[in-house]
Amino acid sequence: MHADDDLPTARWQAELARVDTLSDRELQVFALLGDGHSNRAIAARLQVTERTVKAHVASILTKLEVESRLQVGLVAQAHHHMYEGTISNHSDVFDN
């Protein structure tokens with residue numbers, strides 16, 4: 001066991017490598033899931049329907065090869081932790 005195995009980024013290394021496969025809109029949903037937002041809140045924030053958010057969540061699950069939105073949130077948190085300081089509150093993800 002490596003000392004880094006306890007870091008969230010080490011646990012989700014394979015999934016983190018797949019984040020680059022997400023579309024821009026999926027990255028927005030991914031970041032909001034990581035912040036703990038519900039589908040309804042994400043839909044309101046992105047001005048789309050909840051059905052659209054559900055479709056994005058399903059696509060994210062498939063692309064990251066995870067089983068639940070909780071796992072997506074954990075990967076998003078690890079991703080944020082890795083890049084903390086290089087991305088300011090995900091603001092670049094939400095520019096229209």
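**Figure 1. Burial and overall make-up of the protein.** Of the 96 residues in this predicted model, 34% count as buried. The accessible surface comes to about 6,200 Å². Carbon and sulfur atoms account for 49% of that surface. The protein has six helices and zero strands. Read along the sequence, the pattern is α-α-α-α-α-α. Contacts between residues at least 6 apart in sequence were also sorted by separation. Of these, 65% join residues at least 24 apart.

**Figure 2. The largest nonpolar core.** This core holds 21 residues. Phe 30 and Val 75 touch the most other members. Helices α3 (24-34), α4 (39-46), α5 (50-64) and α6 each supply at least two residues of the core. The largest share, five residues, comes from α5. In soluble globular proteins, nonpolar side chains tend to be buried together.

**Figure 3. The surroundings of Phe 30.** Residues up to four places away in sequence are not counted in this view. Phe 30 then touches Val 19, Leu 22, Ile 60 and Leu 64, among others. The list also includes Val 72, Val 75, Ala 76 and His 79. Val 72, Val 75, Ala 76 and His 79 are buried residues of α6.

**Figure 4. Helix α6, residues 69-82.** How far apart are the end C-alpha atoms of α6? They are 20 Å apart. At 1.5 Å a residue, the 14 residues of this helix should span 20 Å, so the two values agree. Val 72, Gly 73, Val 75, Ala 76, Ala 78 and His 79 of α6 are buried. An α-helix has 3.6 residues a turn, so residues three or four places apart point the same way.

**Figure 5. Glu 15 in helix α2.** Helix α2 covers residues 13-17 and includes Glu 15. Is Glu 15 buried or exposed? Its relative accessible area is 12%, and because buried means under 20%, Glu 15 is buried. Neighbours within four places in sequence are left aside here. Glu 15 is then in contact with Leu 64, Val 66 and Val 75.

**Figure 6. The crossing of α4 and α5.** The axes of these two helices come within 8 Å. They cross at roughly 110 degrees. Angles of 65 to 115 degrees count as roughly perpendicular, so α4 and α5 are roughly perpendicular to each other. From α4, the contact is made by Asn 39, Arg 40, Ile 42 and Ala 43. From α5, Glu 50, Val 53, Lys 54 and Val 57 take part.

**Figure 7. Ala 43 in helix α4.** Ala 43 lies in α4. It is buried, with a relative accessible area of 5%. Ala 43 and Val 53 are ten residues apart along the chain. Their C-alpha atoms are separated by 6.1 Å. Not counting residues up to four places away in sequence, Ala 43 touches Val 48, Thr 49, Glu 50 and Val 53.

**Figure 8. Two loop residues with positive phi.** Gln 47 is found in the loop between α4 and α5. Its phi is positive, about 55 degrees, although Gln 47 is not a glycine. At 74% relative accessibility, Gln 47 counts as exposed. Glu 65 sits in the loop between α5 and α6. Phi of Glu 65 is near 60 degrees, again a positive value in a residue other than glycine. Glu 65 counts as exposed, at 55% relative accessibility.

Definitions and conventions
Residues are numbered from 1 along each chain as its sequence is written. This is a predicted model: local features need pLDDT of at least 70, side-chain atom pairs count only at pLDDT 80 or more; totals for chains, interfaces and linings use all residues. Side-chain values use heavy atoms; hydrogens and water are left out. Helices (H or I, at least four residues) and strands (E, at least two) are DSSP runs, numbered from the N terminus. The expected span of a helix is 1.5 Å times one less than its number of residues. Buried means under 20% relative accessible area, exposed over 50%, partly exposed in between (1.4 Å probe, protein chains only). Contact means heavy atoms within 4.5 Å. Accessible areas come from the Shrake-Rupley method with a 1.4 Å probe; for residues, only the protein chains shown count as cover. A nonpolar core is a set of buried Ala, Val, Leu, Ile, Met, Phe, Trp, Tyr and Cys residues joined through side-chain atoms within 4.5 Å. Axes are lines fitted to C-alpha atoms, for helices over the stretch in contact, and angles run from 0 to 180 degrees between N-to-C directions. Angles under 35 degrees count as roughly parallel, over 145 as roughly antiparallel, 65 to 115 as roughly perpendicular and the rest as oblique.
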